[in-house]
Amino acid sequence: MLNEDGLTMRPFVFINVAVTADGKMDTSERKGSAISSPEDNERVQQLRSESDAVMVGGHTLLDEDPKLTIKSNRLRLERKARGLPENPIKVGVVTKADLRLDGNFMMDGTARRVIFTTSKTSPEQIKALEALGAEVYISDSSRVDLVSAFETLSGMGVHRLMVEGGGTLNFELLRQGLVDELMIYLAAKIFGGQTAPTLAEGKGYFDFSALKLELLNVQKADDRGGVLLHYKIPKIKKEDNHDN
Ligand SMILES: NC(=O)c1ccc[n+]([C@@H]2O[C@H](COP(=O)([O-])OP(=O)(O)OC[C@H]3O[C@@H](n4cnc5c(N)ncnc54)[C@H](OP(=O)(O)O)[C@@H]3O)[C@@H](O)[C@H]2O)c1
């Protein structure tokens, strides 16, 4: 499916992350640390409620089993009043989709669940996920093809996609020029730790090829020293090669 510019159809995509002042998304234990303040959690809920789908990467999905639903009754009712389902579509991008069948992603709230995976997921697990109502898309390659995943989501009527990490998925999306905006909650604390994940993992860029961001807004987020940074990601031109 192509848009009027002859490009593959994709939703408007934004990444929302919470990091410490030293840029860490979690401690080196990788158990899913609470970085956001209560005020920021409210903002995240609002962002979810304004999105058609919420996406996470494989490690976040398998290790943290996130709910990805909207907690607030009011926000869910407002969505329904707008003619939308009460929760956005939950989306997982995972090489081997060995997620818990009775876990939060699969069971929490009424939401459409979509899983993009590869043939490393066993046919039995795919059947079990589908029997519980999940829609499973299997990529031919060893990784999920994100361009075709976005095309599939567009076909489902997803116009606005919120990506909630982790760092490997974030980097892959940024590298492929598939992100429009980046929102960062910067907490006034430091985790440190050489192996603690940052908001963009993967292979990384060289200095000369770094992805440049355009600052849209800076805002105080709470009384705990938290700051919100809102960036636009300029479109990557074909001649700009950001790969190393
Ligand atoms: N603070 C925050 O806002 C926030 C939000 C979310 C997560 N986190 C933290 O981030 C950490 C997890 O991040 P992570 O970088 O390890 O993993 P991730 O981004 O959650 O998942 C990445 C994995 O997804 C799979 N995958 C399959 N196709 C892919 C594709 N095309 N592109 C990218 N990934 C693909 C790969 O699994 P295989 O390696 O198995 O092939 C890949 O390693 C956790 O510590 C979590 O707590 C923090």
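This is a predicted model: local features need pLDDT of at least 70, side-chain atom pairs count only at pLDDT 80 or more; totals for chains, interfaces and linings use all residues.

Colleague: In which pocket does the ligand sit?

Modeller: A molecule sits in a pocket if more than half of its atoms lie within 2 Å of the pocket's grid points. The ligand sits in the largest pocket. That pocket holds about 1400 Å³ of space. The name asked for is the largest pocket.

Colleague: Which element gives the largest share of the lining of the largest pocket?

Modeller: The lining of the largest pocket has 48 residues, and Thr60, Glu64, Glu164, Gly165 and Gly166 are the ones nearest the pocket centre. Strand S1, helix H1 (38–49), strand S2 (53–57), helix H2 and helix H7 each give two or more residues to this lining. The largest share is 6 residues, and the element that gives them is H2.

Colleague: How many charged residues are in the lining of the largest pocket?

Modeller: The lining divides by class into 16 nonpolar and 19 polar residues, with the charged ones as the remaining class. The number of charged residues is 13.

Colleague: What distance separates a polar side-chain atom of Glu64 from an oxygen atom of the ligand?

Modeller: A polar contact is a pair of N or O atoms within 3.5 Å. A backbone N or O atom of Val144 is 2.8 Å from a nitrogen atom of the ligand, and a polar backbone atom of Leu169 is 2.9 Å from a ligand oxygen atom. For the side chain of Glu64 and a ligand oxygen atom, the distance is 2.3 Å.

Colleague: How much of the accessible area of the ligand does the protein cover?

Modeller: On its own, the ligand has 940 Å² of accessible area. The part of this that the protein covers is 85%.

Colleague: Is the peptide bond from Gly165 to Gly166 cis or trans?

Modeller: Gly166 is in the loop between strand S6 (160–163) and H7. Omega of the bond from Gly165 to Gly166 is near 0 degrees, and the bond is cis.

Colleague: Where is Arg30 found?

Modeller: Arg30 is a residue other than glycine with a positive phi, near 55 degrees. Its place is the loop between S1 and H1.

Terms used:
Residues are numbered from 1 along each chain as its sequence is written. Side-chain values use heavy atoms; hydrogens and water are left out. A polar contact is a pair of N or O atoms within 3.5 Å; within protein, one must be able to donate a hydrogen and the other to accept it, and residues adjacent in sequence count only if both atoms are side-chain atoms. Accessible areas come from the Shrake-Rupley method with a 1.4 Å probe; for residues, only the protein chains shown count as cover. On a 1 Å grid over the protein atoms alone, a cavity is a set of points where a 1.4 Å probe fits but cannot get out, and a pocket is an open set with protein on both sides within 12 Å along at least five of seven lines; lining residues have an atom within 4 Å of a point. Grid points are joined across faces, edges and corners, and a volume is the space filled by probe spheres set on the points. Helices (H or I, at least four residues) and strands (E, at least two) are DSSP runs, numbered from the N terminus. Ala, Val, Leu, Ile, Met, Phe, Trp, Tyr, Cys and Pro count as nonpolar, Asp, Glu, Lys and Arg as charged, and the others, Gly among them, as polar.
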